[in-house]
Amino acid sequence: MMSRLPAAILCSLALLSPLGAQPAGRWIGTWASSQQLTEPHNLPPAPGLADRTLRQVVRASLGGSQVRVTFSNAFGDAPLVITAATVALSAGDAAVRPESVRALTFNRSASATVQPGASLLSDPVALEFTADTRLAITASFAAVPGGLTGHPGSRTTSFIAAGNVVAATDLPGAAKTDHWYCLTSAEVWTGPAAATLVVLGDSITDGRGSTTNQQNRWPDVLSRRLQANPATAQVSVLNQGIGGNRVLRGGIGPSALARFDRDVLAYPGVRWLVILEGVNDLGTAVAARAKGEPAASAQDLIDAYAQMIHRAQAHGIRVYGATIMPFGGFASYFTPESEAARQEVNHWIRHGGAFDAVIDFDAIARDPADPTRLSAATDGGDHLHLSAAGYQLIAEAIDLSLFAPAPAR
């Protein structure tokens, strides 16, 4: 199968480090996205991904000297067949820097099949880059399951072209879609002092209200602050937010409890976890009760937090609780009952003593004149999600000493 690779990228296979011959360091996630079953309205434009090439752009939160990539068929109902794949440094839009194109292989083969429910980690390739670099990960597919795994809230444009053109330096005329598909993570080989911060959340973490292709979600802003601070420059940030997600029960994507192992514990070098999730549990409770469906109480949410804290701490991970921000004015969520539950949950986050530290986003984002609402400086317009300026504001308020160096696990 190796001979089928374009000649321009065959030479990159020589850069693959032999197993057991790595220089001192460790693998660290530099980018990740939480996977879910793609809803019909978020599927790729016709004719889909079979017999086509998909180029996806992601932002690295930490640099390194080698990279490897994970593809996912977690929600597939049939095999996902990859015929070829590359990684390169993005040159903007669908273009890549020609000298940076590296062929990805899977157990030394150019092609691979990912069975339903499984994921696939590529072999490492040598590629040097720094934090905040855009990586272009390109794959061609022979077969794609009807149940497509993906991450709809990419806030980043992907490009789809006919045939197998993974080595192309540009994809003029490619179809565009603002979603990611079948792509779970990128990991870098970096220094032994590096460590990872995972942010577990919903659409506020996923970046609803941020600017497409500008990478200005609040975890992106925090990542740049960490990189600019010498004491935290070896910290990567993995955004594991899903729009519409809940802690206790599925809905849009698996619940936070259901995806906890895959999205937090499975990553190498995780030293910190920030949990900012629960607003959708509280906001949908009244409507759920009206339908005779299970509804989350404040105590249910507190108990779920406690479970995640205990499980993360057992893996040596420090867990920080972020208070739930106001949603007064968001008509379908806000009731006196949901506000009382928010206050109860936030009081426990602040004073319950279970979290290793508290990040008080509520205090930062609320309107001083009406604490049930977001301030004008943070409100994205719907009274639930923040604006790009609001995400900047809350990220800049985080104390970076929370992520000071600690002995590597």
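**Cores and salt bridges in the predicted model**

The largest nonpolar core holds 35 residues, and those with the most contacts inside it are Phe260, Val264, Leu273, Tyr305, Met308, Val345 and Phe355. A nonpolar core here is a set of buried Ala, Val, Leu, Ile, Met, Phe, Trp, Tyr and Cys residues joined through side-chain atoms within 4.5 Å; buried is under 20% relative accessible area, exposed is over 50%, and partly exposed is in between (1.4 Å probe, protein chains only). At least two residues of this core come from each of β17 (195-201), α4, β19, α5, α7 (298-313) and α8 (336-351). Helix α7 gives the largest share, eight residues. Helices (H or I, at least four residues) and strands (E, at least two) are DSSP runs, numbered from the N terminus.

This is a predicted model, with local features needing pLDDT of at least 70 and side-chain atom pairs counting only at pLDDT 80 or more, while totals for chains, interfaces and linings use all residues. Residues are numbered from 1 along each chain as its sequence is written, and side-chain values use heavy atoms, with hydrogens and water left out.

On to the charged pairs. The whole structure turns up 19 salt bridges, each being a side-chain nitrogen of Lys or Arg within 4 Å of a carboxyl oxygen of Asp or Glu. In one of them, Glu187 and Arg68 meet at 2.8 Å, N to O. This pair ties together distant parts of the chain, 119 residues apart, with Glu187 in strand β16 (residues 183-190) and Arg68 in strand β4 (residues 64-72). Glu187 counts as buried because its relative accessibility is 7%; Arg68, at 18%, counts as buried too.

Arg155 pairs up with Asp206, and their closest N and O atoms are 3.1 Å apart. Here 51 residues separate the partners: Arg155 sits in the loop between β12 (149-151) and β13 (158-162), Asp206 in helix α2 (residues 203-206). Both Arg155 and Asp206 are buried.

A further salt bridge joins Glu277 and Arg259 (3.5 Å, N to O). Glu277 is in the loop between β19 (270-276) and α5 (279-283), and Arg259 is in helix α4 (residues 256-265), 18 residues apart. Both Glu277 and Arg259 are buried.
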